[in-house]
Amino acid sequence: MIDPVGFSLFERIMAADPLAGPPASPPRAGAKAWLAALEPNEPLTYFDSCFGLRPNAGGGDCLFHALAGGDLDRQDIRAERRSVAAERMRMAAQPRANARRVLACLLQTPETRARGIALADRGLGAAGNGTIAALQSVAGMHAGEAEIAQWCSARRTEVLVVDSNGRIARIGPRGARGMRPEPAAGKALIGRALGRGRIALFRTNGHWRRIDAVAGSA
């Protein structure tokens with residue numbers, strides 16, 4: 001469940017954002033195209049039993065539970081989100097990318113999907129760092145790779161993300177580098193990262209979990 005107070009603050013900040021108007025030309029992709037793009041790709045059966053996964057709570061905060069390696073309480077979630085949002089405010093402005101992040105976040109979160117659909121159909125050409133930071137601060141909002149990059153930037157570290165469709169992303173302070181190795185090579189890559197004490201996450205069906213082990217590794 002999203003934090004209604006935090007979400008109301010985001011809405012006020014967005015309404016005052018001079019960048020957050022509709023684009024000069026009609027949007028090329030409406031809500032249907034956005035929602036289709038957010039659908040997970042076909043999972044690879046190989047990955048179903050490839051990793052030992054640490055269980056954690058679901059909902060819009062599961063990314064932060066997985067990064068922490070265990071379920072956080074509400075106060076800790078807010079602290080983690082404030083840290084991520086503060087990192088966005090220190091970064092160079094990315095108005096067009098911020099608009100895409102706002103739309104994706106709203107569409108992925110069940111409680112805000114209707115707002116996201118309306119905004120996607122109207123079009124959002126740009127958004128300031130303050131707007132996306134305000135949205136990232138709201139407990140319960142579904143988070144993604146941008147939040148991981150900001151989390152890594154604050155801690156000067158790197159996280160590996162494995163999607164159930166076989167894509168692997170190496171995410172650090174400078175963003176994400178994606179790859180799609182053969183399953184055995186991907187398994188070896190994650191195993192080496194875990195051996196070096198790196199964090200690796202598994203993402204499937206909108207849920208994030210921590211990878212504890214790779215099947216067959218010593």
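**Aromatic pairs and salt bridges**

1. A search of the whole structure, which is a predicted model, finds 2 aromatic pairs. One of them is formed by Phe 7 and Phe 10; this pair is tilted, at 5.4 Å centre to centre and with 45° between the planes. Both residues belong to helix H1 (residues 4-16), where they are 3 residues apart, about one turn of the helix. Both Phe 7 and Phe 10 are buried.

2. Phe 51 and Phe 202 also pair: their ring centres are 6.0 Å apart and their planes stand at 55°, so this pair is tilted. Because Phe 51 lies in strand S1 and Phe 202 in strand S5 (residues 199-204), the contact ties together parts that are 151 residues apart in sequence. Phe 51 is buried, at 9% relative accessible area, and Phe 202 counts as buried at 6% relative accessibility.

3. Turning to charged side chains, the search of the whole structure gives 13 salt bridges. One of the bridges is between Asp 61 and Arg 74, with the closest N and O atoms 3.6 Å apart. Asp 61 sits in the loop between strand S1 (51-54) and helix H3 (62-68), and Arg 74 in helix H4 (residues 74-90); the two are 13 residues apart, and the pair links distant parts of the chain. How accessible is Asp 61? Asp 61 has 8% relative accessibility and therefore counts as buried.

4. Arg 167 is in the loop between strand S2 (159-163) and strand S3 (168-172), whereas Glu 145 is in helix H8 (residues 145-155), so the bridge ties together parts that are 22 residues apart in sequence. Arg 167 counts as partly exposed at 23% relative accessibility. Glu 145 counts as partly exposed at 21%; the assignment follows because buried means under 20% relative accessible area.

5. Arg 167 has a salt bridge with Asp 163 as well, the closest N and O atoms being 3.7 Å apart. Asp 163 is buried, with a relative accessible area of 10%. Which residues do salt bridges with shared partners join into one network? The network is made up of Glu 145, Asp 163, Arg 167 and Arg 203.

Conventions: Residues are numbered from 1 along each chain as its sequence is written. This is a predicted model: local features need pLDDT of at least 70, side-chain atom pairs count only at pLDDT 80 or more; totals for chains, interfaces and linings use all residues. Side-chain values use heavy atoms; hydrogens and water are left out. A salt bridge is a side-chain nitrogen of Lys or Arg within 4 Å of a carboxyl oxygen of Asp or Glu. Helices (H or I, at least four residues) and strands (E, at least two) are DSSP runs, numbered from the N terminus. Buried means under 20% relative accessible area, exposed over 50%, partly exposed in between (1.4 Å probe, protein chains only). Rings of Phe, Tyr and Trp (its six-membered ring) pair if their centres lie within 6.5 Å; planes under 30 degrees apart count as stacked, over 60 as edge-to-face and the rest as tilted.
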